[in-house]
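Dear colleague,

Please find below the structure that I am handing over to you. My notes on what was found in it follow directly after.

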Amino acid sequence: MSHLKLFAATVKWHGIKLLQKQDIARRVFLHDRRYVSSGTSEPFLSGSNSNYVEEMYYAWLENPKSVHKSWDLFFRNTNAGQAYDPHLPDQLERKASFLQSHGLAQTPSKAEKLVEDHLAVQSLIRAYQVSIRGHHVAQLDPLGILDADLDSFVPSDLITTIDKLGECTVWFYGLHESDLDKVFQLPTTTFIGGNENSLSLREIIKRLENTYCQHIGLEFMFINDVEQCQWIRQKFETPGVMKFTNEEKRTLLARLVRSMRFEDFLARKWSSEKRFGLEGCEVMIPALKTIIDKSSEMGIEYVIMGMPHRGRLNVLANVIRKELEQIFCQFDPKLEAADEGSGDVKYHLGMYHERINRATNKKITLSLMANPSHLEAVDPVVQGKTKAEQFYRGDTAGKKVMSILLHGDAAFAGQGVVYETFHLSDLPSYTTNGTIHVVVNNQIGFTTDPRMARSSPYPTDVARVVNAPIFHVNADDPEAVMYVCSVAAEWRNTFNKDVVVDLVCYRRRGHNEMDEPMFTQPLMYKQIHKQVPVLKKYADKLIADGTVTLQEFEEEIAKYDRICEEAYTRSKDNKILHIKHWLDSPWPGFFNVDGEPKSMSCPPTGISEDLLTHIGNVASSVPVKDFKIHSGLSRILRARLEMTKNRVVDWALAEYMAFGSFLKEGIHVRLSGQDVERGTFSHRHHVLHDQEVDKRTCVPMNHLWEQQAPYTVCNSSLSEYGVLGFELGFAMASPNALVCWEAQFGDFHNTAQCIIDQFISSGQAKWVRHNGIVLLLPHGMEGMGPEHSSARPERFLQMSNDDSDAYPEAFFSQLYECNWIVVNCSTPANYFHVLRRQILLPFRKPLIVLTPKSLLRHPEAKSSFDEMVSGTTFQRVIPENGLAAHAPHEVKRVIFCTGKVYYDLVKERKNQDLEKQVAITRLEQISPFPFDLLKEELEKYPGADLVWCQEEHKNSGYYDYVKPRFRTIVNHTRPIWYVGREPAAAAATGNKNTHLVSLRRFLDTAFNLEAFEGKTF
Ligand SMILES: Cc1ncc(C[n+]2csc(CCOP(=O)(O)OP(=O)(O)O)c2C)c(N)n1
């Protein structure tokens, strides 16, 4: 097979040429470095100056340019991708004594040849381990069509397998056929010798080929850690490592039977239903089970999994062990939905199951996260949930909870969120201490050939950014797969780092069962049609070697078929589907037994004055001794202290008080996002930095009380999709935590749109899963340009599920039924309350907060303690309470608005002396729409015209959302006029003057009491 040819032309060049010229190189080096004796009488590597190479090595370590470039190349080759290799001097020393003991020390030419040959052999070994050879020629594709790295080109003059070595005259690094039976000492960087220190070249090549060029292809030499590389080499190179007991083989066969017969059963019963079958990668089921067994053996108690469509039902049935009838009944088109909401298709639902792991007899909890069609979107969500479960258990090293992510090859290579998620893997506040990634690499994405789907050799190359080892394995070799999976589990347990298992397989059917793959992949599918299923191949092998009998095999099949048939019969009794039974993250004790809220009310959200004062004082202090903060920050803290004394808060202090109050109540608070520790606008300062001691920090919020919940505030990587997904997952784990994600500026949330659309907006409707995540989105038109201005409230409002035409019966049930809450608070106190309400509610809803920028420092945007003390509560609407409210019948206009524009309006009204004629009412909770409170306001001003004023452009902001709802309140009898900026394509202008002119214009209109006279609606 030509693709088995080994060395690339580069190897030949830098190997053969280098070593042929080594003599010259050495002389040049000797001249340069003055390290050696002058005469030729002293042999190159006599016992006395073997130190010479060592010295040269150290010199090279200090400065690679200090040695000749040929040695530089050699050392680099030897050290490629690794930090300092402490074994190298030892090796050289051993080589020297080897020469001595063979009486060669005094015969320079023989000695040199021997050293060169040893170096050549060492390079050869390394070549297999590094990418030059090994995994590029491993037989990974079960179909034998494509090279898994998409590169089948090997120049014809290269040497192939050991059988062909004789055909060439000059080989690698100057070795010859005549060297094949020479015995070579093995370097400590290989384990192919087992207990032997030396082997013949022939045996060396054979063993290397066995390890690196069969059904497993290893990519790990880029890992920047000698110990980790050695560990992997040992796991795979040691002779005989891949031995299985008969019992293990029988278990593997039985698992393959389940995997394959499950798909067969579905295909038989529902031949025209989509199920995204696993055929062609049936080995995935035993693979996952091996990972779970092995991890359970090493102490893991909880495995959280995320996966796409392919084989999902099979995983639910045979890994999570969801009752089969619950799966089968979903194929019944007449099945009724018991729960409210849209529900979801069967291959998206999640699952949570506690059971005994049969292999270890230990308790294990398995959770498969529900996910949308959007491939890979669930990755960060799984990580966030895993992090939270580790956090709540105090499992800081990830020894009890772990995650497994499954991927398709096309999606793994193509979706950017994979990369974003990898970049979270080693960040202190985001790491889950290693994820095992399993790629179902069926070498096709829907209809797209991998050669059109990626530019990287492997679909898994993205994992290299975090130095994760990648184990490619031919999925038609079940034992190789099991071995790789067990090593992957051990790797994760040993190093707490990510690892990738790339199951190179095929897809026996179309993308789904209805698709005709021959339209687009005719040759591949001709081969697939000929392909013997893995179960048959493996069964034949075990029958042939006597591990099982044909009868035992057939009985195993019959047994599982019977299980399926019986479950099928039972499934017909299921007339109703309870999505609640498919919850991936139950919250025990939070709801009543029927899964309903324990009450339908919310207590007042204010807190005692003492508490406010205490939190204010800590927020103004540096609670650690000998800690020098920046003088600018001292000023900010002094201002906070002053505010606390004066019983007022600004935005930052209000937030501090909300967070702090939860910590006292044992509620964990987590705030994550870009630069959140200081705050984009330098207003928050939740982490103090010692100005004199590097990396010394202090989080005063964690010094509030002796007994308190921890506060986590963490600057995230520069990612929205990944980080928001992560926080959403974190918030899934427990209802008793306030989890907030803040966008740098609100508009950046659109790079996380998929998390917002697919999970936050619709998660409860699809999966009956509550989530109380808080999105803090800085928003406001302040002349800062098209970006950095709008958090696009219109998008959130458009996705709000409250009906514009239906007046709700009760405000609390309206809150319970909504998909999320959208607020734009105009006062710090109201922001404080809405955060507090988030936890005091008896249910959880995502909260979208449009947060201020300039208001953070606006002198008017302050609140008194009086608005926050016990008994006070969140105000969905803040009615006019000035002169206009005292004589409502004289009021000519009511302006409804939300957020920052209120302050512009109040100022303008004062300037125009219209405080009696114009009332200004603030909508603080925009969605769900406070019909009840606004009705009261409207009825209070019967003679006034009604205006909605916003600073956003007409086609954005809130107008399209509020207009029909206002009209529902007034029963379409009164118009609600629009005042604001004209429609525009860009969210804001980049020209400061245009910004100010448009502001002036709409303020003029807002207070022009004749503006709408004679207009019809
Ligand atoms: C983000 C996203 N884009 C497009 C799709 C449509 N789609 C569904 S499956 C699929 C192919 C996936 O290929 P691969 O990841 O290799 O998995 P396979 O189906 O081969 O198992 C595509 C493009 C999707 N589900 N999600």
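A polar contact, as the term is used here, is a pair of N or O atoms within 3.5 Å. The model is a predicted one, and every distance below is computed from it.

The ligand

An N or O atom in the side chain of Asn442 lies 3.0 Å from an oxygen atom of the ligand. A polar backbone atom of Ala411 is 2.9 Å from an oxygen atom of the ligand, and a nitrogen atom of the ligand is 3.2 Å from a backbone N or O atom of Leu375. On its own the ligand has 580 Å² of accessible area, of which the protein covers 75%.

There are 15 residues around the ligand, and those that come nearest are His309, Arg310, Ser373, Asp409 and Ala411. By class, this shell is made up of eight polar, five nonpolar and two charged residues. Helix H15, residues 409-414, gives the most to the shell, namely three residues.

Rolling a probe the size of a water molecule over the atoms shows where empty space is left. The count in this model comes to ten cavities of 30 Å³ or more. The largest cavity holds about 110 Å³ of space. Its lining consists of 13 residues, and Phe759, Gly763, Gln764, Arg769 and Asn771 lie nearest the centre. Six of the lining residues are polar, five are nonpolar and two are charged.

Helices H25 (721-733), H26 (753-761) and H27 (763-767) each supply at least two residues of this lining. The largest share, three residues, comes from H26.

Backbone geometry

Most residues other than glycine have a negative phi, and most peptide bonds are trans.

- The peptide bond from Ser927 to Pro928 is cis, with omega near -5 degrees. Pro928 sits in the loop between strand S26 (925-927) and helix H33 (931-940).
- Arg321 has a positive phi, near 70 degrees. Its place is in the loop between helix H12 (312-320) and helix H13 (324-328).
- Asn467 also has a positive phi, of about 60 degrees, although it is not a glycine. This residue is found in the loop between helix H17 (450-453) and strand S10 (470-474). Asn467 counts as partly exposed because its relative accessible area is 23%, which falls between the limits of 20% and 50%.

With kind regards

Technical notes: Residues numbered from 1 in each chain as written. Predicted model: local features only at pLDDT ≥ 70, side-chain atom pairs only at ≥ 80, totals over all residues. Heavy atoms only, no water. 1 Å grid on protein atoms, 1.4 Å probe; cavity = no way out; pocket = protein on both sides within 12 Å on 5 of 7 lines; lining within 4 Å. Points joined across faces, edges and corners; volume = space filled by probe spheres on them. Helix = DSSP H or I, 4+ residues; strand = E, 2+ residues; numbered from the N terminus. Nonpolar A, V, L, I, M, F, W, Y, C, P; charged D, E, K, R; others polar. Near = heavy atom within 4 Å. Polar contact = N/O pair within 3.5 Å; in protein donor to acceptor, adjacent residues only side chain to side chain. Areas by Shrake-Rupley, 256 points an atom, 1.4 Å probe, with all protein chains shown as cover. Buried < 20%, exposed > 50% of the residue type's maximum accessible area, 1.4 Å probe, protein only.
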